[in-house]
Amino acid sequence: HESVTKAAGHRVLAMMRGEAEGFLKLTIRPDEERALSLLDQRYVKGESPSSAQVSEAVRDSYSRLLAPSIETDVRREAKERADDEAIRVFARNLRECLMVSPLGQKAVLALDPGYRTGCKVVCLDRQGKLVHHTTVFLIQSEKLAVEGARSLLDLIQRFSIEAIAIGNGTASRETEAAVRALDLPKSIPVVLVNESGASIYSASEVAREEFPDQDVTVRGSISIGRRLMDPLAELVKIDPKSIGVGQYQHDVEPAKLKSSLDDVVMSCVNAVGVEVNMASKELLTYVSGLGPALAKNIIAYRNQKGPFKSRQELRNVSRLGPKAFEQSAGFLRIRDADNLLDRSAVHPESYAIVNRMAADVACSVADLIRSREL
């Protein structure tokens with residue numbers, strides 16, 4: 001039933017798009033003779049001259065009024081059902097995309113491959129901050145390939161790179177082969193990353209605000225690297241319609257699509273929490289108790305003071321009062337915090353309970369977290 005509904009919805013949207021672009025003309029009406037027969041049975045009585053007038057009125061009202069009205073109603077209902085199905089598929093695919101396991105806080109070298117213009121390379125620190133960018137040529141000529149390989153090895157050593165992300169667009173396979181030929185340590189994974197929407201992000205207001213002094217090619221490479229580190233944190237900056245996980249997104253009701261996708265993002269944030277030392281302003285805005293202003297203040301504090309070391313340090317953020325802390329703290333994670341509970345979904349107000357639980361079974365909190373039996 002689900003597959004039939006999905007296929008029917010896609011057909012409706014495809015036909016309506018074809019009609020909107022002038023390639024098709026659609027008519028949605030019942031068989032005219034059968035429709036008139038049913039109307040005659042209901043309204044035409046006998047065979048008098050008056051009956052003939054009523055029959056003529058039935059035919060006129062059907063062709064001029066009733067048939068177009070039926071078509072309008074059926075079109076609207078079919079479009080609503082098709083929209084709901086397309087949005088449902090889009091939301092499910094978006095959830096899967098956002099919930100991809102993050103690499104975490106690693107120093108990443110990201111490449112946006114290219115043939116003629118070379119590969120745009122950026123180096124990001126463990127918080128996703130840009131520390132270096134350049135262009136290398138790995139697949140143009142043997143001489144340029146040798147120079148490009150030497151440059152990459154130098155960058156990997158200089159910035160203590162822990163992972164390499166390669167966009168999966170044009171020339172990605174050749175670039176991946178060239179990078180793997182560098183004889184890198186086995187501890188450095190090389191990962192192809194879906195770059196759909198990276199170009200949209202690179203020209204967006206969000207990207208200009210984050211990197212006002214960089215051009216669009218550098219911003220696109222940064223997005224590729226950050227997607228490997230934390231897909232959820234990076235993809236929320238992009239209009240979901242540009243991520244490439246749905247069909248007919250330009251044909252469905254925009255407000256309904258946006259509402260559904262916002263619900264998906266909020267659900268994902270609630271499900272996995274937010275790594276506060278890597279989260280973007282856009283992602284932090286979705287956290288309960290925070291908004292654009294507090295999210296911006298958290299980013300500013302992080303950039304000025306360095307990564308947060310505990311949840312309690314969040315209280316030092318400008319305008320983040322007790323109520324906002326109470327609402328948001330349970331969703332904010334600090335991966336490298338000394339207190340293991342700061343890495344968990346346990347709210348700070350319940351830390352004392354967890355400590356008592358550990359004391360009751362005579363173990364440490366770390367043992368309590370690690371052992372399912374305990």
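Me: Ala 171 to start with: buried or exposed?

Reply: Buried, with a relative accessible area of 5%. Keep in mind that this is a predicted model.

Me: Where is Ala 171 in the fold?

Reply: In the loop that runs between strand E4 (163-167) and H5.

Me: And what is phi for Ala 171?

Reply: Positive, about 70°, although Ala 171 is not a glycine. For background, most residues other than glycine have a negative phi.

Me: Which side chain has a polar atom 2.7 Å from the backbone oxygen of Ala 171?

Reply: That's Thr 175; a polar atom of its side chain lies 2.7 Å from that oxygen. Thr 175 itself is found in helix H5, which covers residues 172-180.

Me: Why does Thr 175 count as buried?

Reply: Because its relative accessible area is 0%, and buried means under 20%.

Me: What does Thr 175 touch, leaving out residues up to four places away in sequence?

Reply: Leu 111, Pro 113, Cys 119, Leu 138, Ile 139 and Ile 166.

Me: Back to positive phi. What about Ala 362?

Reply: Ala 362 has a phi near 55°, again a positive value in a residue other than glycine. Its place is the loop between helix H14 (351-360) and helix H15 (365-370).

Me: Is Ala 362 buried or exposed, then?

Reply: Exposed, at 73% relative accessibility. Ala 171, on the other hand, is buried.

Me: Which helix gives the most?

Reply: H12, with five residues in the lining.

Me: How many residues line the largest pocket, and which lie nearest its centre?

Reply: The lining has 27 residues, and those nearest the centre are Glu 210, Arg 226, Ile 299, Arg 302 and Asn 303.

Me: How do the lining residues divide by type?

Reply: Twelve are charged, ten nonpolar and five polar.

Me: OK, next one: where is Ile 243?

Reply: In the loop between H9 and helix H10 (254-272). Ile 243 counts as buried, at 3% relative accessibility.

Me: What's packed against Ile 243, again skipping residues up to four places away?

Reply: Ile 243 touches Leu 94, Cys 97, Ser 196, Leu 235 and Ile 238.

Me: How far is Ile 243 from Gln 327?

Reply: Their C-alpha atoms are separated by 30 Å, with the two residues 84 apart along the chain.

Me: Now zoom out. How many helices and strands are there in the chain?

Reply: The secondary structure comes to 15 helices and seven strands.

Me: What's the radius of gyration of the chain?

Reply: The chain has 29 Å, whereas a compact globule of 374 residues would be near 21 Å. Along the principal axes, the C-alpha atoms fill a box of roughly 100 × 65 × 40 Å.

Me: What share of the 374 residues is buried?

Reply: Buried residues make up 43% of them.

Me: Last one: among contacts with a separation of 6 or more, what share comes from residues 24 or more positions apart?

Reply: Those account for 61% of such contacts in the chain.

Note on methods: Residues are numbered from 1 along each chain as its sequence is written. This is a predicted model: local features need pLDDT of at least 70, side-chain atom pairs count only at pLDDT 80 or more; totals for chains, interfaces and linings use all residues. Side-chain values use heavy atoms; hydrogens and water are left out. Helices (H or I, at least four residues) and strands (E, at least two) are DSSP runs, numbered from the N terminus. Buried means under 20% relative accessible area, exposed over 50%, partly exposed in between (1.4 Å probe, protein chains only). A polar contact is a pair of N or O atoms within 3.5 Å; within protein, one must be able to donate a hydrogen and the other to accept it, and residues adjacent in sequence count only if both atoms are side-chain atoms. Contact means heavy atoms within 4.5 Å. On a 1 Å grid over the protein atoms alone, a cavity is a set of points where a 1.4 Å probe fits but cannot get out, and a pocket is an open set with protein on both sides within 12 Å along at least five of seven lines; lining residues have an atom within 4 Å of a point. Ala, Val, Leu, Ile, Met, Phe, Trp, Tyr, Cys and Pro count as nonpolar, Asp, Glu, Lys and Arg as charged, and the others, Gly among them, as polar. The radius of gyration is taken over C-alpha atoms; the globule rule is 2.2 Å times the number of residues to the power 0.38.
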